[in-house]
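Subject: Structure for your review

Dear colleague,

Please find below the structure that I am handing over to you. My findings follow it.

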Amino acid sequence: MLIRTTALHEPLSSEITPRRVYLNRRTALAGLGLATASPLALAQAQAAPGGGKLPKLPGARSAVASAMVMEKVTSYADATSYNNFYEFGTDKADPAERAHTLKPRPWTVSVEGECAKPGRYDLDALLKLSAMEERIYRLRCVEGWSMVIPWVGYSLSELIKKAEPTGKAKFVEFTTLADRAQMPGLRSSVLDWPYLEGLRMDEAMHPLALLTFGMYGEVLPNQNGAPVRIVLPWKYGFKSAKSIVKIRFVEKQPRSSWEESAPQEYGFYSNVNPTVAHPRWSQLSERRIGEDGLFAKKRPSLMFNGYEAQVGQLYAGMDLKRNF
Ligand code: MTE
């Protein structure tokens, strides 16, 4: 897109927004086919700055308003340098150092299994499938740390509805990329590759389950699961599978990679639950990355990571100690 720098009559939005920011956004929006995004969406994107090196991906303030978190957002630097993405190594710093070898384009996600309308979606088709929203969610890792991140995406249910799952579709299985050429961590047998995750159908259809393409108003950095991942804020972070290539509707409960590797430690549900300790450590409290120093007081962990009002009903009547 050609941009003139000396126009005499700019639209109003350029007068209330720094010109460079405004022009960058217009270019990015046009490139993504999202030129109809509202001014509010643009304001949101500006509120939580990203790294400034990746294409912009703004989202309108989410209608799932009750899920908004009024806590300080983790800095972009912290959220993109302290990661778990074992396909690039097991050290927290490995993904940021090594994930440049991941190629997020071209990218295809196949939707298959028990559904009337299976399909292969390329990334551009997925980006246009529904309106982008920005949702500030807590992410609580099973290891005892947490972050607050402004994700950009839309409810996973939007994609699921398009596939028209059959009555036999009781669960959804997510398969993520496993390509030795792009992912040096696959040489290690720390997990059985590809990284697999699963959800019960009603969990996957819950409006909080986010099919995620961006964070901080920009597309996902590779280390955070580019180009598409899920984010399930009420579950431990490992359920939020990164760099997804396949979504499959199945009748039987799928096994996740972590469940497969240590079933006594990582259950299928993995809802954040401070009353159920991990066999090797307590889950009563957590360390907020960036805010709390190593010796600072930890904060108490919350049932369903603070989303109990929204998701508690999904588990009514279940023994959550057994179904951990
Ligand atoms: N997805 C894949 N494919 N591989 C992984 O190793 N790690 C999980 C999850 N998704 C992981 C993954 C874990 S343990 C966590 S805590 C979150 O990603 C971390 O997401 P973040 O780095 O964006 O904070």
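**The ligand and its surroundings**

There are 17 residues around the ligand, and Asn 83, Tyr 86, Glu 87, Arg 229 and Lys 242 come nearest (a residue is near a molecule if one of its heavy atoms lies within 4 Å of it). The model is a predicted one, in which local features need pLDDT of at least 70 and side-chain atom pairs count only at pLDDT 80 or more, while totals for chains, interfaces and linings use all residues. Residues are numbered from 1 along each chain as its sequence is written, and side-chain values use heavy atoms, with hydrogens and water left out.

By class, the shell around the ligand holds eight nonpolar, six polar and three charged residues (Ala, Val, Leu, Ile, Met, Phe, Trp, Tyr, Cys and Pro count as nonpolar, Asp, Glu, Lys and Arg as charged, and the others, Gly among them, as polar).

Polar contacts here are pairs of N or O atoms within 3.5 Å. Two of them involve oxygen atoms of the ligand: a polar side-chain atom of Arg 229 lies 2.7 Å from one, and a side-chain N or O atom of Lys 242 is 2.7 Å from one. Ser 240 contributes a backbone N or O atom, which lies 2.9 Å from a nitrogen atom of the ligand. The ligand taken alone exposes 540 Å², of which the protein buries 99% (accessible areas come from the Shrake-Rupley method with a 1.4 Å probe).

**The largest pocket**

The ligand sits in the largest pocket, in that more than half of its atoms lie within 2 Å of the grid points. A pocket is an open set of points on a 1 Å grid over the protein atoms alone, where a 1.4 Å probe fits, with protein on both sides within 12 Å along at least five of seven lines; lining residues have an atom within 4 Å of a point. The space in this pocket is about 430 Å³, a volume filled by probe spheres set on the points.

Its lining comprises 27 residues, with Asn 84, Cys 141, Tyr 195, Gly 237 and Phe 238 nearest the centre. These lining residues divide into 17 nonpolar, six polar and four charged.

**Backbone features**

Most peptide bonds are trans. A cis peptide bond, however, joins Arg 105 and Pro 106, with omega about -10°. Another cis bond joins Trp 193 and Pro 194, with omega about -5°.

Yours sincerely

Terms used. Polar contact = N/O pair within 3.5 Å; in protein donor to acceptor, adjacent residues only side chain to side chain.
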